[in-house]
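Subject: Structure handover

Hello,

Here is the structure for you to look through. My notes on it follow below.

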Amino acid sequence: MTTFMSRKDLFLLLGFTIVVLAMPIWLAPFGAGYPDLLQRFMIFGIFAVGFNILFGLTGYLSFGHAAFFGVGSYAAVWSFKLLTLDAIPAMIFAVVISGLFALVIGFLCLRRSGIYFSILTLAFAQMSYNLAYSVLTPITNGETGLQLTLADPRVLDAAMGQTFVGQPVPTLFGQQLGGYAGFYFCAGFLILAFFIAQRIAGSPFGMMLKAIKSNQTRMQFTGFNTRPYALSAFVISGMYAGLAGALLAVTDPLAGAERMQWTASGEVVLMTILGGVGTLVGPVIGAWIIKYFENILSALNDNILARFWSFLPDGVSDVVVKITSKFVGDGWHLTLGLAFVIVVIFLPGGIMEGVRRLAALFRRSGSSSPKTSARTQPAE
Amino acid sequence: MEKSNVVLHVADVHKRFGGLHALADIDLQVEEGKTHAIIGPNGAGKSTLLNVIIGKLAPTSGQVVFDGTVLTGRKPYQINQLGIARVFQTPEIFADLSVLHNVMIPALAKRDGMFTLNMLRALDSETGIRAEAEHMLEDVGMLGRREMLAGSLSRGDKRRMELAMCLIQHPRLLLLDEPTAGMSRHDTNTTIELLKKIKSRGMTKVIIEHDMHVVFSLADKISVLAQGRIIADGSPDEVRGNPKVQEAYLGGAH
Ligand SMILES: Nc1ncnc2c1ncn2[C@@H]1O[C@H](COP(=O)(O)OP(=O)(O)O)[C@@H](O)[C@H]1O
Ligand SMILES: [Mg+2]
C-alpha cells in the first residue's frame, strides 16, 4: 500500500470522497442541496480536474476545451439514440470519441506553444462550434439540439426486448438516473476522476509534465521528447472533458452546440485559476464556487433585490437596487469577473494559496519552529 | 595518435547569423576519455559551437559526427539519448521542482528513454532511481539541500546541481559551458575539485572556460577560438607557447 499510494494521498482521497458524498447534507443550509445543482458541481468538477492536468501540470493553456465537452455530450446522446439508454456504454463511447477528437486537435495545436497554442485551441473550438451549427447539422441537429425521441432505434435495447413508454430517459441497469441517483452516479465519476488525477500527478509521468511546465528546453536536452508527453496530457484532459459532457447528457439528455462556445472554454480556465492552478483540489473548488454563484446570482432579479434593500430610505434603496441589479441575473458574469480579478491580484495561487497561507499562519502561531526555508511545495 | 580514438568530430562546420560568421571552418577532433578545453575571448563563438554539437542550432554547412553517428539534423533529445549531456552557461534547471526531482528526471530519461506513459506507477516506488539521485547529490555535496526548490538555490549550487543532472546519466561526452562563470572564489574551487574528480572517471569532456587556472589544470588538449576560427590547438604547453595565442588571447589576460 505504501508504494501504491502515500498516506497523505490516501487521506486526501478519503477526505475528498467524504466531502463529496455528504454534499447533499452540508450544502443544504446554503440552499444548494438539491440534485440538479449538485449534479452540475460534480460534472464541472470533473471538467476542471481534467483541465488542470493540461494547464496546471503541463503548463499549456487551452482556450478550447469546451469542444471536447460538447463532443462528449453529442457522443453520449447518440449512444442513447442508437444503442441503448443505459448510461455506461454512453460514457465509454463519449470518452473514446472525445479522446480521439483531442488526439487530432492536440496533435495540430501542440506544434506551437505559449500564446500561439492557446489561440490555436480557441480557433479549433470555435470552428467546431460553427460546424455544429452548419455543416454538421445532421449529427448535431443544429440549433434545436440533439435529443431523444421515441422513434430512436436503440438497437441494444430493442434486441433485449426493452420497450419504453413516454419520453425516453437515460438509465443505469434499468434504474432511472434522475434526482439523487443522478447525483451519486456523477459523484462516483468525480471521485474516480480525482483518484486518477492524483495517481497521474504522483507518477513519474506526472513529474515529467511538471518538468515540461518548468523548463521545456532542459527537458529536451535531458533526452525527453516532450511532444508526446504534452499530447498525452492534452488527450487525457480532453477525455475528462468528454466524460463531463457525457454526464451532463446523462442528467439532461439534450446536447446543444452552446456547450462548445468559447465562453464555456473560458469558464473552465476561470475555475482552475480561481481554485488554484496545479493543485488537485483547487480546480474542483473553483468549479463549485463558480457554479454556486452562477446559480444564486443569476436567479436574483430586481424584485428580490428591492425586498432585500427595503430597509434603506426610499430614494437610496432605488439607487442601490439599480446598481446591484447590474451584478445579478444575466449580469452575474460581472460579479464573476470582479471576484476573479480580486483573487488573481491578491491571491495569484487561487483559493488554495489562501488555504496554504492560513495553514502557515496557524502553524507559525502554534509552534515556533523556524521552518520558513524554501521547502518543496507539496502538490495537494 | 590514431583516428580511431576520436569520439567527437566537428567537420568543416560553418555557422552564419545573417552577416555574422560566428563559426568559420571549424574542424575539431575530441579524443575518447580526454578533456578538451576551448578557450577564446567573449563572442568568439564558443557557446555557438556547443549549440551546434547538441543540436540546438543547425550548422550552415558541415557536420558533427559522434562515434560514427552523424548528429547534424538530429533532435536535441535524440542527441542526448546517444550519450551527450551539457551544462549550460546560464543554468538550465527545473526551477519549480525540488533538487531531488531535478536529478531524478535525467536518471529516468536514461532508464526509460525519450517517452514512457508510466502514469499509473507511483513516483514513490522509484526507490532505485531515488537512491541513485541521492548518491549523486552526495557526490556534489548537495544531499542536504535535496528537498529545496531548485529555483531558490544559489548560483553556484544551481550549477553543481546541473552538473549532477548531467553526471547521473553517465554520458559518454559531457559538454561544460563556463562551469565556474559568475561563481564566488569558494564555489569555483569546489567546482574545480569536482571536475577533477570526474576527470578520473574517464568520461570525455569538452569544457569552455575563462579561468586559465582551471583550463591548465584540467585540460589534456586546448583549442583556441577567436572570431569564429580555431587559431591554435595542441597540448596546454604548446598552446601556452604559441605566439598567435599570446597575441590574440593570453597576451591581454596575463
Ligand atoms: N542565436 C543567435 N543569433 C544571432 N547571433 C548569435 C546567436 N548566438 C550567438 N550569436 C552571436 O555569435 C557570436 C558568438 O557568440 P557565442 O558563441 O555566444 O560566443 P562565446 O560563447 O564565445 O562568448 C556573438 O557575436 C553572438 O552575438
Ligand atoms: Mg558563451
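How many salt bridges does the structure hold over all chains? The count is 17. Please keep in mind that this is a predicted model.

One pair deserves a look. A:Arg218 sits in helix H11 of chain A and B:Glu162 in helix H5 (residues 155-167) of chain B, so this pair joins two chains. The closest N and O atoms of A:Arg218 and B:Glu162 are 2.7 Å apart. Between chain A and chain B the count is one salt bridge. In general, side chains of opposite charge can pair when their charged atoms come close.

**Chain A against chain B**

The contact draws on 32 residues of chain A and 44 residues of chain B. Together the two chains bury about 3100 Å². Carbon and sulfur atoms carry 66% of that area. Which residues of chain A lose the most area to chain B? They are A:Met207, A:Arg218 and A:Phe221. Together these three make up 23% of what the chain A side buries.

H10(A) gives the most, with seven residues. By class, this side of chain A has 14 nonpolar, 14 polar and four charged residues.

**Inside chain B**

Chain B is split into two domains. Domain 1 covers 1-83 + 173-254, and domain 2 covers 98-170. Their centres, taken over C-alpha atoms, are 26 Å apart. The contact between them takes 20 residues from domain 1 of chain B and 14 residues from domain 2 of chain B.

These two domains bury about 1400 Å² between them, 61% of it on carbon and sulfur atoms. On the domain 1 side, B:Gln81, B:Leu194 and B:Arg201 lose the most area to domain 2 of chain B. Together they account for 31% of what that side buries.

How many salt bridges are counted between domain 1 of chain B and domain 2 of chain B? The count is zero. Polar contacts are found, though: five residue pairs, both residues at pLDDT 80 or more. Helix H2 (76-81), strand E7 (173-177) and helix H6 (185-199) of chain B each supply at least two residues to the domain 1 side. H6(B) gives the most, with seven residues. By class, the domain 1 side has 10 nonpolar, five polar and five charged residues.

**Confidence**

The predictor gives the complex an ipTM of 0.91 and a pTM of 0.91. Mean pLDDT is 87 for chain A, with 94% of its residues at 70 or more. For chain B the mean is 89, and 96% of its residues reach 70 or more.

Where in chain A is confidence lowest, and where is it highest? It is lowest in helix H8 (residues 155-159) of chain A, at a mean of 73. It is highest in H10(A), at 96. H10(A) is also the helix that gives the most residues to the side of chain A that touches chain B.

One stretch of chain A is a separate matter. Over residues 368-380 of chain A, pLDDT stays under 50. The model has 19 contacts beyond four places in sequence for that stretch.

Best wishes

Methods. Residues are numbered from 1 along each chain as its sequence is written. Chains are lettered from A and ligands numbered from 1 in the order in which they are written. Side-chain values use heavy atoms; hydrogens and water are left out. Contact means heavy atoms within 4.5 Å. Buried area is the accessible area (1.4 Å probe) that two parts lose on being put together, summed over both. A salt bridge is a side-chain nitrogen of Lys or Arg within 4 Å of a carboxyl oxygen of Asp or Glu. Helices (H or I, at least four residues) and strands (E, at least two) are DSSP runs, numbered from the N terminus. Ala, Val, Leu, Ile, Met, Phe, Trp, Tyr, Cys and Pro count as nonpolar, Asp, Glu, Lys and Arg as charged, and the others, Gly among them, as polar. Domain bounds come from an automatic or database domain assignment. A polar contact is a pair of N or O atoms within 3.5 Å; within protein, one must be able to donate a hydrogen and the other to accept it, and residues adjacent in sequence count only if both atoms are side-chain atoms. pLDDT is the predictor's confidence in each residue, from 0 to 100.
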